[in-house]
Amino acid sequence: MTKKESVDFVITELEKLYPKPPIPLTHKDPYTLLISVLLSAQSTDARVNTITPLLFKKADNPYDMVKLSVEEIREIIKPVGLSPMKSKGIFGLSKILIEKHDGNVPQNFEDLEELPAVGHKTASVVMSQAFDIPSFPVDTHIHRLMYRWNLSNGKNVVQTEKDAKRLFPKEIWNKLHLQIIYYAREYSPARAWDLEKDIITKKIGRKSVLNAYYNK
């Protein structure tokens with residue numbers, strides 16, 4: 001199977017399974033999405049979705065957020081992990097949004113990535129899901145599947161993102177990255193992986209990955 005045939009197969013199968021993939025993090029605007037994505041680092045979307053209602057009840061905009069202390073924010077977000085760094089990031093970025101952006105979340109990578117605790121992946125999610133600007137955020141699920149599907153060499157997420165953007169049409173990036181995440185969680189997890197259910201990897205998977213699986 002050629003690369004193009006593999007890509008077409010992935011698109012077709014994911015479209016069948018997830019024609020309308022929902023955004024996993026509960027939010028109501030770009031600011032609440034930005035905070036939710038920041039909180040999701042090394043945590044799960046499900047856990048973040050249980051904590052954000054408590055946080056957003058007190059502050060769902062930068063002006064109210066800076067009225068809280070870093071300690072107060074930290075106390076609320078503790079269950080998602082990395083709370084010392086995340087609470088400082090939330091307070092710091094809220095202050096910058098007020099001072100530099102009239103309280104609005106900027107719609108470009110440069111300004112987003114200048115915010116405390118906001119890396120390229122977080123900025124990509126916000127650009128894609130809040131502003132519908134074509135982006136391809138690569139998380140651990142996408143990184144794993146792009147390697148398993150022999151569509152990227154798995155060296156690092158930067159390379160995986162480049163490969164994804166090169167192989168898949170720009171107009172479907174925003175939808176596709178969500179489809180891959182849902183597929184990865186349901187059919188191609190890192191642990192307790194059942195290849196028989198993972199129809200995409202079974203058909204187009206990297207030979208070394210398939211051999212390693214069967215040799216187990």
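Which residues does the UniProt annotation "domain: HhH-GPD" cover? According to that unreviewed entry, the annotation covers residues 39-186. UniProt positions follow the numbering used here, feature names are shortened, and annotations may be inferred rather than shown by experiment.

This is a predicted model: local features need pLDDT of at least 70, side-chain atom pairs count only at pLDDT 80 or more, and totals for chains, interfaces and linings use all residues. Residues are numbered from 1 along each chain as its sequence is written, and side-chain values use heavy atoms, with hydrogens and water left out.

**View 1. The annotated stretch, residues 39-186.** The chain here is 64% helix and 0% strand. Its end C-alpha atoms are 23 Å apart. Helices (H or I, at least four residues) and strands (E, at least two) are DSSP runs, numbered from the N terminus.

**View 2. Helix H9 packs with H11.** Helix H9 spans residues 140-148. The angle between H9 and H11 is about 80°, and their axes are 9 Å apart. Axes are lines fitted to C-alpha atoms, for helices over the stretch in contact; angles run from 0 to 180 degrees between N-to-C directions. H9 and H11 are therefore roughly perpendicular to each other (65 to 115 degrees). H9 contributes His141, Ile142, Arg144 and Leu145 to the contact (heavy atoms within 4.5 Å). From H11 come His177, Ile180, Ile181, Tyr183, Ala184 and Arg185.

**View 3. Ser188, in the loop between helix H11 (173-187) and helix H12 (199-204).** Is Ser188 buried or exposed? Ser188 is buried, at a relative accessible area of 0%. Buried means under 20% relative accessible area, exposed over 50%, partly exposed in between (1.4 Å probe, protein chains only). Leaving aside neighbours within four places in sequence, Ser188 is in contact with residues including Arg144, Leu145, Tyr183 and Trp193.

**View 4. Phe168, in the loop between helix H10 (157-167) and H11.** Phe168 counts as buried, at 3% relative accessibility. Neighbours within four places in sequence aside, Phe168 is in contact with Val7, Val10, Ile11, Phe136, Met146, Leu151, Trp173 and Leu176. Where is Glu186 relative to Phe168? The two are 18 residues apart in sequence and 22 Å apart in space, C-alpha to C-alpha.

**View 5. Ser83, in helix H6 (residues 83-101).** Ser83 is buried, with a relative accessible area of 5%. Not counting residues up to four places away in sequence, Ser83 touches Arg74, Ile77 and Lys78.

Conventions:
Parallel < 35°, antiparallel > 145°, perpendicular 65-115°, else oblique.
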